Number of protein chains: 2
Amino acid sequence: MADQLTDDEVSVSDDLLVEVRALIGAEDKEGLTQLVDGLHESDVAEVISRLEPDERIEFVRLLGRDFDFTALTEVDEKVRLHILSELAPTDVADGLADLDSDDAVYILEDLPDEQSEAILAQLPFAMRHRLKRSLDFPEESAGRRMQTDFVAMPPFWTVGQVIDTLREEKDLPDHFTEIFVVDAAFRLLGTVKLDRLLRSLRPVKITEIMDEDPRTIQADEDQEEAARIFQRYDLLSAAVVDDSNRLVGILTIDDIVDIIEAEAEEDIRALAGAGDAELSDTPLYVARTRIPWLMINMMTAFLASGVIAIFDGTIQAMVALAVLMPVVTALGGNAGIQAMTVTVRALSQREITKRNVARVMARETIVALMNGTAVAVAVGIVAAIWFANIELGGVIACSIVFNIICAGFFGATLPMLLDRIGVDPAVASSVFLSTLTDVIGFFAFLGIASWWFGLG
Amino acid sequence: MADQLTDDEVSVSDDLLVEVRALIGAEDKEGLTQLVDGLHESDVAEVISRLEPDERIEFVRLLGRDFDFTALTEVDEKVRLHILSELAPTDVADGLADLDSDDAVYILEDLPDEQSEAILAQLPFAMRHRLKRSLDFPEESAGRRMQTDFVAMPPFWTVGQVIDTLREEKDLPDHFTEIFVVDAAFRLLGTVKLDRLLRSLRPVKITEIMDEDPRTIQADEDQEEAARIFQRYDLLSAAVVDDSNRLVGILTIDDIVDIIEAEAEEDIRALAGAGDAELSDTPLYVARTRIPWLMINMMTAFLASGVIAIFDGTIQAMVALAVLMPVVTALGGNAGIQAMTVTVRALSQREITKRNVARVMARETIVALMNGTAVAVAVGIVAAIWFANIELGGVIACSIVFNIICAGFFGATLPMLLDRIGVDPAVASSVFLSTLTDVIGFFAFLGIASWWFGLG
């Protein structure tokens with residue numbers, strides 16, 4: 001893992017980029033086409049990302065029909081939208097016509113409605129129809145992510161007939177790992193994996209070798225739920241069916257990988273209130289995605305200030321309290337975030353169910369009690385020595401135990417509560433929790449001190 | 001996404017669990033075997049997880065040879081180790097013999113050395129040899145995760161010969177999606193996807209249809225790097241080769257999915273200092289995994305206290321400063337965590353390279369300047385009105401701008417620095433950063449106030 005910054009093994013070299021720029025500058029269509037021809041779409045995407053905005057447009061224009069639109073599925077959304085906005089709908093339609101349907105949907109779904117309508121209007125009827133059907137499913141559903149190219153065969157065929165058809169048929173998906181067996185109404189009867197097919201003799205009927213009860217995914221199912229089914233059952237691909245169990249598409253694991261990655265990313269960013277900006281975004285855009293949480297935090301921070309203000313007399317009488325305050329709140333905040341992070345992830349992965357809610361809450365509270373006591377004793381001793389005041393050590397220890405227990409309890413409860421009312425638990429975010437632990441911490445510490453020492 | 005807590009769609013029902021418990025209680029081996037037979041290994045794993053520790057052992061013992069050890073790859077590590085510690089090495093060896101080699105390695109690698117040696121000694125020679133070779137590769141390497149069952153064919157064969165061999169050969173992997181073409185020394189020449197094979201005529205030579213330049217993965221490559229190659233090139237499987245380009249195994253995407261998930265999980269937990277405890281762990285164990293960060297945080301929090309202590313005279317002269325302190329540090333902490341989270345994830349995904357380090361740092365600093373100014377103005381106005389003191393508003397605004405700029409800069413720089421020196425950037429963690437922003441915040445606020453108002 002060392003020295004990652006210098007690791008460019010799977011990246012585009014600087015030399016290549018210089019060459020691309022030179023070819024764009026010279027408007028050398030042929031040279032550029034040749035150069036790009038040998039690159040994987042992910043590498044083309046990296047080239048595009050590293051070009052300046054104007055160069056990107058020139059790059060795509062120069063390549064013309066030789067530009068593989070698949071590369072657009074691998075660049076940041078902003079970059080994609082910018083390039084597409086500069087191209088004519090007919091050119092985009094030409095580019096999309098060569099793509100897998102899931103990639104085409106991925107490119108179309110983020111476009112403004114008029115633009116995507118204009119592009120769809122230029123597509124051949126069959127493709128337009130298929131893409132529209134995908135786009136009709138809800139955002140982030142399995143129907144949006146599915147591919148509509150697949151191999152389906154009738155149940156009365158033999159292995160030999162299937163193999164012969166595969167050998168003769170030109171219009172097959174680029175790559176497939178199983179064959180779907182469907183009835184006349186396109187209802188799914190079963191699936192046959194290619195290795196099974198290859199290992200069977202020609203006269204065998206495919207119904208004999210098919211998996212009759214494959215796991216299917218409803219087209220309107222949330223994509224995260226689909227990802228969970230894939231992970232749980234180690235699927236490589238799964239049939240996507242509509243309400244009447246008719247086969248409408250196929251989800252493959254490479255789409256699922258992207259969904260899992262995106263979901264974890266969402267959790268991490270939401271926990272930090274870090275917005276959804278990408279590396280290619282401008283500072284102004286990034287600032288805008290983050291300012292809401294800072295503003296909310298400002299208000300919640302003033303709430304904590306308000307608590308301290310109640311005890312201003314106490315602090316004036318004993319400045320040591322002001323000095324030690326941050327220790328109480330920092331520890332509460334840290335313990336709370338530990339509990340919250342674990343709970344948010346457990347919720348994300350559906351590890352928390354009605355059955356174990358109480359156990360999770362109890363566990364976090366017990367953990368908080370144990371760790372709170374340990375830390376409180378340590379802090380109490382240091383504080384007592386520092387200010388040569390044993391009572392002060394006792395007061396801070398008590399308030400830390402209390403604050404950390406509350407932090408553990410709320411760190412576990414807050415996300416579950418939000419989840420219960422249908423809000424993404426990750427947005428509970430450090431901001432709310434740390435304010436809560438700040439408020440409780442200040443109240444406990446200054447309150448106990450004020451009462452014990454008879455101040456304020 | 002609403003109401004996830006009641007969603008048990010992909011889970012084991014309570015009734016099933018009651019039934020399992022009854023069968024265990026009655027020592028009804030036959031009944032239990034029948035019941036479990038219809039379950040997917042992931043569901044069996046869930047049953048095991050939800051049983052009490054003693055019941056788990058009974059469950060596995062009762063099933064005997066009918067227990068599918070694959071289920072053990074899906075339970076938490078602690079549960080797995082406990083079950084394995086209660087079984088005789090011969091029984092474990094019997095169970096492992098039926099598994100895919102990658103699953104067997106996964107189960108063996110976490111066991112104490114003597115125990116895994118004892119188990120390996122009971123395995124048939126060929127399997128023992130293969131597992132040992134996998135175990136010889138470094139932890140978390142591709143060689144550890146690879147499967148050693150695959151289909152390899154010589155280059156001079158035709159499609160017809162390959163298909164005939166597949167039909168006759170009994171000892172094939174349960175499932176495969178491609179065939180590897182190797183020379184006499186087992187060096188990889190190319191790969192043939194099954195769909196390509198099926199679509200080719202029998203007399204065609206496999207060298208004509210093979211992909212001659214497949215992406216391969218070095219056996220000692222880090223598993224995260226392997227995952228990145230899979231994602232970048234949308235691979236479903238890849239050949240794993242040793243130093244001499246000899247084919248030693250195959251990595252499939254379902255293993256990769258687990259690696260990606262685990263990596264994201266690691267980042268999230270490290271950022272929060274939340275330890276690696278699982279839902280099945282005892283409170284005592286959980287508490288132990290989290291206490292180190294709390295103790296570190298205690299020390300760093302006293303550092304912040306030390307800064308305040310320098311200015312105790314200032315605070316005594318003007319208690320409003322103590323009241324407002326937390327606003328300065330809360331905002332600095334929040335802005336810092338935003339910058340840090342984004343940077344840690346970008347590093348994880350290798351989006352940050354030598355070329356754009358300076359850009360990332362500059363961007364975060366500019367973002368901090370913009371948002372810092374916006375928030376500072378708002379806080380300044382509120383503080384000025386609250387304490388009817390315009391100068392105090394100015395002082396707090398200045399210190400907030402300064403603190404947030406430092407937070408943005410360090411939030412981006414700290415993880416990159418750690419990455420540079422080979423430390424996981426996620427352990428930069430909220431703890432260090434928030435102490436840094438606390439120290440800077442207190443210093444700036446109290447320092448500027450002390451100088452401006454001539455206090456202390």
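**Contact between chain B and chain A**

Reply: Between chain B and chain A there are 27 residue pairs in polar contact, both residues at pLDDT 80 or more. This is a predicted model, in which local features need pLDDT of at least 70 and side-chain atom pairs count only at pLDDT 80 or more, while totals for chains, interfaces and linings use all residues. Residues are numbered from 1 along each chain as its sequence is written, chains are lettered from A in the order in which they are written, and side-chain values use heavy atoms, with hydrogens and water left out.

Me: What makes a pair a polar contact?

Reply: The pair must be N or O atoms within 3.5 Å; within protein, one must be able to donate a hydrogen and the other to accept it, and residues adjacent in sequence count only if both atoms are side-chain atoms.

Me: Why is the meeting of D43(B) and R232(A) called a salt bridge?

Reply: The term needs a side-chain nitrogen of Lys or Arg within 4 Å of a carboxyl oxygen of Asp or Glu. The N to O distance here is 2.7 Å, so the pair qualifies. The count between chain B and chain A is six salt bridges.

Me: How many residues does each chain bring to the contact?

Reply: Chain B brings 138 residues and chain A brings 138 residues, contact meaning heavy atoms within 4.5 Å.

Me: What is the area buried between chain B and chain A?

Reply: About 12500 Å², of which carbon and sulfur atoms give 61%. Buried area is the accessible area (1.4 Å probe) that two parts lose on being put together, summed over both.
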